[in-house]
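Morning, everyone. Please bring the structure up on your screens, and keep the sequence beside it.

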Amino acid sequence: MTMMMMKGTLAIIIAILCTGATLASYTEKEYQTSFTNWMQEHKKEYSSEEFKIRFEIFSKNMDYVAAWNADPSHTHQVGLNLFADLTNEEYRNIYLMKKVNFSANLAAAAEDIKSSPSSDKSMPLADTVNWVNKGAVTAIKSRPMWVLLVFLYNRCY
């Protein structure tokens with residue numbers, strides 16, 4: 001992308017943000033219909049208070065998808081998936097791994113090894129070790145996500 005194109009794109013984005021306009025022009029009825037259809041497809045249910053919040057997030061994500069797909073400079077299209085009722089921050093907090101300080105974990109593990117009776121070669125090693133409790137790995141957060149990723153990987157390759 002040339003500098004001129006980048007400046008032009010930035011100017012359009014700023015104009016949209018300043019005017020409060022969106023690139024998508026959905027009616028309230030279209031948002032509602034899309035959201036209820038999406039809820040049925042993904043078997044989602046909410047309390048009345050949470051429904052309002054999730055509906056607003058879904059509507060913003062629907063606008064984002066429309067704007068992304070309307071931009072001819074993108075080489076792929078996006079869509080509304082089972083996470084369309086989450087903000088980016090919620091998604092990251094729920095499904096993405098947190099950054100781990102491996103140096104601190106290794107130092108703590110080394111200290112445990114030095115101070116444990118098993119560091120004495122005459123002592124037998126434990127039959128099992130819970131690496132989650134030792135801080136070496138995290139527990140699985142969402143098995144269905146891993147199943148989905150394996151399925152997609154197998155379909156692509």
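Start with the rings. Phe35, Trp38, Tyr46, Phe51, Phe55 and Phe58 are linked into a cluster by ring pairs. Remember that this is a predicted model. The count of aromatic pairs comes to 12. One of them is Phe83 with Tyr91. Their ring centres sit 5.0 Å apart. Their planes meet at 70°, so this pair is edge-to-face. The cut-off for that label is over 60 degrees. Phe83 is buried, at 12% relative accessibility. Tyr91 is partly exposed, at 27%.

Now the core. Which residues make up the largest nonpolar core? There are nine: Tyr31, Phe35, Trp38, Met39, Tyr46, Phe55, Phe58, Met62 and Ala84. H2 gives the most, with four residues. As background, nonpolar side chains tend to be buried together in soluble globular proteins.

Pick out Met62 from that list. Set aside its neighbours within four places in sequence. Met62 then contacts Tyr26, Glu30, Tyr31, Ser34 and Leu80.

Next, charges. Side chains of opposite charge can pair when their charged atoms come close. How many salt bridges does a search of the whole structure find? Three.

Take Asp85 and Lys44 to begin with. Their closest N and O atoms are 3.6 Å apart. This pair links distant parts of the chain, 41 residues apart. Asp85 is in the loop between H3 and helix H4, which spans 88-95. Lys44 is in the loop between H2 and H3. Is Asp85 buried or exposed? Buried, at 3% relative accessibility. The cut-off is under 20%, so Asp85 qualifies. Lys44 is partly exposed, at 27%.

Move to Arg54. Arg54 and Glu50 form a salt bridge, 3.4 Å from N to O. Both lie in helix H3, four residues apart, which is about one turn of the helix. Arg54 is buried, with a relative accessible area of 11%. Glu50 is partly exposed, at 33%.

Arg54 also has a salt bridge with Glu90. Here the closest N and O atoms are 2.8 Å apart. Glu90 lies in helix H4 and Arg54 in helix H3, so this pair ties together parts 36 residues apart in sequence. Glu90 is partly exposed, at 23%. Through shared partners, salt bridges join Glu50, Arg54 and Glu90 into one network.

Over to the surface. Val129, Trp131, Val132 and Val137 form a nonpolar patch there. Together they have about 360 Å² of accessible area. Where is Val129? In the loop between helix H5, residues 102-115, and helix H6, residues 143-156. Val129 is partly exposed, at 40% relative accessibility.

Last, the whole chain. The secondary structure comes to six helices and zero strands. From the N terminus, the order reads α-α-α-α-α-α. The protein has 157 residues, and 15% of them are buried. Residues 24 or more positions apart account for 50% of them.

That's my tour.

Key. Residues numbered from 1 in each chain as written. Predicted model: local features only at pLDDT ≥ 70, side-chain atom pairs only at ≥ 80, totals over all residues. Heavy atoms only, no water. Core = buried A, V, L, I, M, F, W, Y, C linked by side-chain atoms within 4.5 Å. Buried < 20%, exposed > 50% of the residue type's maximum accessible area, 1.4 Å probe, protein only. Helix = DSSP H or I, 4+ residues; strand = E, 2+ residues; numbered from the N terminus. Contact = heavy atoms within 4.5 Å. Phe/Tyr/Trp six-rings, centres within 6.5 Å; stacked < 30°, edge-to-face > 60°. Patch = residues over 30% accessible without salt bridge, like charges linked within 9 Å, V, L, I, M, F, W, Y side chains within 5 Å. Areas by Shrake-Rupley, 256 points an atom, 1.4 Å probe, with all protein chains shown as cover. Salt bridge = Lys/Arg side-chain N within 4 Å of Asp/Glu carboxyl O.
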